[in-house]
Amino acid sequence: LISVFVGTVSVGYYSNYAMAVAQIVVVITLVFNSLKASVGNFIVSGEAKEEEKHFLFQVCETLNFWIVGFCSICFVSLFQDFIAICFGEGFLLEFGIVIAVVLNFYTTHIRQAIWMFRETTGIFQETKCVTLVTAVLNVIFSLAFGSIWGMVGILAATILAKLLYAFWKE
């Protein structure tokens, strides 16, 4: 959609930002995947009380909040300088697009602890349609917002779709 509404060159510029985000996402995913087995073991062991399980969830949520929040602040502060150093000044996108990229990252990965607990507890039934509904909303919003605001609209549509359905459902 970015290619259709904004142009193929903009997709290339955006991919520089997406690549940097993807590398940080790998690190965050490694952190939470390494915790997953221990959390699952703690939850399925018959010795853990509900209060202890809830406390562990709160600790993981706090850890997730700090990691994703710190990364988001670093992205906002350092993205433009990083892209300028690595690729050159000519490859910079508008700051509004950077904010949209960072908000997209934040709204996706702030749910990392929830995903971890859902996988370790086996609670899949309650959220089985989340991805499908969010994707449909994303396409509808992206078509509408992309034709009006371009790349910012497409990224904002993704954020809005997550906030309207996935964020609250999960």
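# Why do we call it that?

Reader: Why is helix H5 (residues 112–121) called mostly covered?
Author: Count its buried residues: 7 of its 10 residues are buried. Buried means a relative accessible area under 20%, exposed means over 50%, and partly exposed is in between (1.4 Å probe, protein chains only). The buried ones are Gln 112, Ala 113, Trp 115, Met 116, Phe 117, Arg 118 and Thr 120.

Reader: What should I know about the model itself?
Author: It's a predicted model, in which local features need pLDDT of at least 70 and side-chain atom pairs count only at pLDDT 80 or more, while totals for chains, interfaces and linings use all residues. Residues are numbered from 1 along each chain as its sequence is written, and side-chain values use heavy atoms, with hydrogens and water left out.

Reader: Okay, so what covers the buried residues of H5?
Author: The cover includes helix H2 (8–44), helix H3 (50–86) and helix H4 (95–109).

Reader: What makes something a helix here, and how many helices does the protein chain have?
Author: Helices (H or I, at least four residues) and strands (E, at least two) are DSSP runs, numbered from the N terminus. By that rule the protein chain has 7 helices and 0 strands.

Reader: How do you know how many disulfides there are?
Author: A search of the whole structure turns up 0 of them. Take Cys 60: the nearest cysteine sulfur, that of Cys 71, is 17 Å away. A disulfide is a pair of cysteine sulfur atoms within 2.5 Å, so at 17 Å Cys 60 is in no disulfide. For Cys 71, the nearest cysteine sulfur belongs to Cys 74, at 6.5 Å, so Cys 71 is in no disulfide either.

Reader: Is Cys 60 buried or exposed, and how do you know?
Author: Its relative accessibility is 5%, which is under the cut-off, so Cys 60 counts as buried. Cys 71 comes in at 14%, so Cys 71 is buried too.

Reader: How many salt bridges does the structure hold?
Author: It holds 2. Lys 53 also pairs with Glu 50, the closest N and O atoms being 3.5 Å apart, so that passes the test. Lys 53 and Glu 50 both sit in helix H3, 3 residues apart, about one turn of the helix. Glu 50 has 56% relative accessibility, so Glu 50 is exposed.

Reader: What makes a nonpolar core, and which residues of the largest one touch the most other members?
Author: A nonpolar core is a set of buried Ala, Val, Leu, Ile, Met, Phe, Trp, Tyr and Cys residues joined through side-chain atoms within 4.5 Å. Of the 30 residues in the largest one, Tyr 14, Val 21, Phe 79, Val 101, Phe 105, Met 151 and Leu 155 touch the most other members. H2, H3, H4, H5 and helix H7 (151–169) each supply at least two residues of this core. The largest share, 9 residues, comes from H2.

Reader: What does Phe 79 touch?
Author: Its partners are Tyr 17, Ala 20, Val 21, Cys 74, Val 98, Val 101 and Val 102, not counting residues up to four places away in sequence. Contact means heavy atoms within 4.5 Å.

Reader: And why is Ala 48 called buried?
Author: Its relative accessible area is 12%, under the cut-off, so Ala 48 is buried. Ala 48 is found in the loop between H2 and H3. Not counting residues up to four places away in sequence, Ala 48 touches Phe 42 and Lys 53.

Reader: How do you know whether Thr 158 is buried or exposed?
Author: A relative accessible area of 17% makes Thr 158 buried. Thr 158 lies in helix H7 and touches Asn 104, Asn 138 and Ser 142, again leaving out residues up to four places away in sequence.

Methods:
Salt bridge = Lys/Arg side-chain N within 4 Å of Asp/Glu carboxyl O.
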